[in-house]
2 protein chains.
Amino acid sequence: MAPPPSMAVSPLVALIVRIVTFGGLLISVIVLATTTGFNESYAFRYMLASGVIGMAYTILQTALTLFYLSTGNRLGGDGFAFLDFFGDKVISYMLATGAAAGFGLSVDLARLLQAQGNFNSTAESFLQKANVSASLLFIGFLFSAISSVFSSLSLPKRVD
Amino acid sequence: MAPPPSMAVSPLVALIVRIVTFGGLLISVIVLATTTGFNESYAFRYMLASGVIGMAYTILQTALTLFYLSTGNRLGGDGFAFLDFFGDKVISYMLATGAAAGFGLSVDLARLLQAQGNFNSTAESFLQKANVSASLLFIGFLFSAISSVFSSLSLPKRVD
């Protein structure tokens, strides 16, 4: 096991950012999964999938950070530096596109249904829940983007 | 002016990636802007805006890379290292969300109009053009993400 490398960012801060990310994604997934009819739309299905995959990845990273915090060693030494770097990038892009696909559909769908005179209370409640879920996914994305900045900054200190 | 720093990636490769990004965005913007009725949708308007802002940023970065290639010096020395790093991140997230918002709307809108029996040839042609534009924006995003990897990797060599 290599000695603990210096990090650009305190592991405690990194851990808090991961926990906030996870919280946003968890509530987003719960809200969307309990919204009747969401799975009739590809955009909302993709939104749910991105939230679930993001949660799995964030749990893994939280566990790795907890291990580092408690033992002072990184699991896998510095071999995971590129995994963190590319993983954070890919996951944050996925969450960004998940939230954007959801908003892209829900905003214009509300307007279209209003124009057609089909904007009843069922549609309103459905789209409200979809918007809440997309907003929480977007918050999860913002914090995953912060993690991505951290892993980019700490990469050179771990691979040099 | 500081001496030319070592870069993780050849400036010629960086330049080619910028040019491909710009090409994708340019055609995406042209296709969408010439599609009658795109501006009735918030998703497609955001898509156009992200393409235009992405083009402006990519032109700036192309010019800076050309200056570096021809003189061996970076304009502004290494003071622009963090501008590249954060600029590439922000712009690539913007392009990803632009393409995702467009696809999120166009895919489900086609299905909704089909279900309603309103999927006539005008709607089909409109959504086809929107999909072509979103696909090209997505290609622009992929290459901007490559630029973001490059600027992340070269950051430490420029700010140490």
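**A salt bridge and an interface**

Modeller: The side chains of A:Asp88 and A:Arg18 form a salt bridge, N to O at 3.1 Å. The model is a predicted one.

Biologist: How many residues apart are A:Asp88 and A:Arg18?

Modeller: A:Asp88 sits in helix H3 of chain A. A:Arg18 belongs to helix H1 (residues 11-33) of chain A. The pair links distant parts of the chain, and the separation is 70 residues.

Biologist: How many salt bridges does the whole structure have over all chains?

Modeller: Side chains of opposite charge can pair when their charged atoms come close. A search over all chains gives a total of 4.

Biologist: Which order do the elements of chain A follow from the N terminus?

Modeller: Chain A has 4 helices and 0 strands. Its C-alpha atoms fill a box of roughly 65 × 25 × 20 Å along the principal axes. From the N terminus, the elements run α-α-α-α.

Biologist: How much area do chain B and chain A bury between them?

Modeller: Start with the contacts: 32 residues of chain B touch 32 residues of chain A. The size of an interface is often given as the accessible area lost when the parts come together. Carbon and sulfur atoms carry 69% of the buried area here, and the total is about 2,300 Å².

Biologist: Which element gives the most to the side of chain B that touches chain A?

Modeller: The elements of chain B giving two or more residues to that side are helix H2 (42-71), helix H3 (81-116) and helix H4 (121-159). With 18 residues, the top contributor is H3(B).

Biologist: What is the residue make-up of that side of chain B, by nonpolar, polar and charged?

Modeller: Across the interface of chain B and chain A, the rule finds 0 salt bridges. Polar contacts join 15 residue pairs between the chains, both residues at pLDDT 80 or more. On the chain B side, the division is 19 nonpolar, 8 polar and 5 charged.

Biologist: How are H3(A) and H2(B) oriented to each other?

Modeller: In this contact, A:Gly104, A:Val107, A:Asp108 and A:Arg111 meet B:Tyr42, B:Ala43 and B:Arg45. The helices pack at about 135°, with axes 8 Å apart. H3(A) and H2(B) are therefore oblique.

How values were computed
Residues numbered from 1 in each chain as written. Chains lettered and ligands numbered in written order. Heavy atoms only, no water. Contact = heavy atoms within 4.5 Å. Buried area = accessible area lost by both parts, 1.4 Å probe. Polar contact = N/O pair within 3.5 Å; in protein donor to acceptor, adjacent residues only side chain to side chain. Nonpolar A, V, L, I, M, F, W, Y, C, P; charged D, E, K, R; others polar. Axes fitted to C-alpha atoms, helices over the stretch in contact; angles between N-to-C directions. Parallel < 35°, antiparallel > 145°, perpendicular 65-115°, else oblique.
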